[in-house]
Amino acid sequence: MAKQYDVLFRLLLLGDSGVGKTCLLCRFTDNEFHPSHISTIGVDFKMKTLLIDGVKVRIQIWDTAGQERYQTITKQYYRRAQGIFLVYDITSERSFQHIMKWASDVDEYAPEKVQKILVGNKSDEVDKRQVATEQGVKLAKAYGMDFFETSAFTNHNITETFTRLAEQVLAANKKDLDLLRMSMNDELDLAALEEEEGLCDGAASDQRKGCWC
Ligand SMILES: Nc1nc2c(ncn2[C@@H]2O[C@H](COP(=O)(O)OP(=O)(O)O)[C@@H](O)[C@H]2O)c(=O)[nH]1
Ligand SMILES: [Mg+2]
């Protein structure tokens with residue numbers, strides 16, 4: 001059976017309640033949008049496999065199921081993440097200001113190597129916009145992150161955003177993966193060698209048998 005994936009990464013969606021994290025996730029994994037989403041409802045996680053540079057990358061994307069309301073996201077969530085989406089809502093200045101708080105939590109609790117991306121969601125809501133695109137660009141630059149404006153409603157930039165973070169995580173972990181692959185190959189080589197030797201022994205004894213005839 002073909003191998004289902006080469007590597008598994010955990011990504012985490014962070015941001016204020018109501019910015020559209022659950023909708024982003026449903027749009028990306030199932031291409032669905034439920035406008036009536038009750039904002040406290042969240043899923044635990046959803047999975048999707050992407051092919052990046054010939055590597056089958058399985059991503060497990062964790063939603064924060066209501067905990068964001070009380071900012072009680074357990075440290076465990078952060079510790080296990082290799083990539084983080086910092087999401088705000090372009091129609092909410094407040095959610096944009098809170099990005100600083102979310103980013104400082106990430107600095108405190110997430111692994112040092114964690115990759116981050118800034119996401120301004122609800123780009124379809126042009127009339128209600130409170131946060132200019134330039135503000136997002138500027139903040140992302142200050143944090144050294146990539147930045148996308150998305151819409152879970154129209155499907156704007158959804159695949160691009162999730163793929164970009166997965167690419168960044170893959171790049172950040174590439175060295176470890178290559179080492180792992182090398183050591184796995186070494187093991188395989190050794191196994192092949194042992195097998196070959198075994199075969200030789202078998203052949204030799206067959207030959208000996210032949211001689212005895
Ligand atoms: N117009 C628009 N509404 C959105 C978008 N994404 C989410 N919403 C709405 O925003 C509300 C909160 O979304 P939800 O995904 O539950 O937010 P969460 O609390 O961050 O998980 C819901 O009423 C969604 O329908 C979007 O891209 N555009
Ligand atoms: Mg939610």
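Strand 2 (45–52) and strand 3 (55–62) run antiparallel and are joined by eight bridges. Helices (H or I, at least four residues) and strands (E, at least two) are DSSP runs, numbered from the N terminus, and two strands pair if DSSP finds at least two bridges between them. Within this pair, Lys46 stands opposite Ile61 of strand 3. The two strands form a hairpin with two residues between them. Asp53, in the turn, has a positive phi of about 50 degrees, a positive value in a residue other than glycine. Asp53 counts as exposed because it has 9 C-beta neighbours inside 10 Å; a residue is buried if 20 or more other C-beta atoms lie within 10 Å of its own, exposed if 12 or fewer, and partly exposed in between, with C-beta atoms placed from the backbone.

The model is predicted: local features need pLDDT of at least 70, side-chain atom pairs count only at pLDDT 80 or more, and totals for chains, interfaces and linings use all residues. Residues are numbered from 1 along each chain as its sequence is written, while chains are lettered from A and ligands numbered from 1 in the order in which they are written.

The protein chain contains six helices and six strands, which follow the pattern β-α-β-β-α-β-α-α-β-α-β-α along the sequence. Of its 213 residues, 32% count as buried. Among contacts between residues at least 6 apart in sequence, 70% join residues at least 24 apart; two residues are in contact if their C-beta atoms, placed from the backbone, lie within 7 Å.

The six strands form an open sheet of mixed pairing, in the order 2-3-1-4-5-6. Strand 2 and strand 6 are the edge strands, each pairing on one side only. On average, neighbouring strands of the sheet are turned by 25 degrees against each other, direction ignored. Axes are lines fitted to C-alpha atoms, for helices over the stretch in contact, and angles run from 0 to 180 degrees between N-to-C directions. Helix 4 (residues 99–109) packs on the sheet and touches strand 1 (7–14), strand 4 (83–89) and strand 5. The direction of helix 4 makes about 165 degrees with that of strand 4.

Lys101 is placed in helix 4 and counts as exposed, with 12 C-beta neighbours inside 10 Å. Lys101 and Gly15 are 86 residues apart in sequence, and their C-alpha atoms are 9.4 Å apart in space.

Strand 5 (residues 115–121) and strand 6 (residues 146–149) run parallel and are joined by four bridges. Ile117 has Asp146 of strand 6 as its bridge partner. Helix 5 lies across strand 5 and strand 6, and runs at about 160 degrees to strand 6.

Helix 1 (residues 21–30) is mostly covered, with seven of its ten residues buried. The buried residues are Lys21, Thr22, Cys23, Leu24, Leu25, Arg27 and Phe28. Helix 1 is followed by Asn31, whose phi is positive, near 50 degrees. Asn31 is found in the loop between helix 1 and strand 2. This residue is exposed, with 10 other C-beta atoms within 10 Å.

A residue is near a molecule or strand if its C-beta atom, placed from the backbone, lies within 6 Å of it. Of the 18 residues around ligand 1, Gly20, Lys21, Thr22, Cys23 and Phe153 come nearest. The shell divides into five nonpolar, nine polar and four charged residues. In this division Ala, Val, Leu, Ile, Met, Phe, Trp, Tyr, Cys and Pro count as nonpolar, Asp, Glu, Lys and Arg as charged, and the others, Gly among them, as polar.
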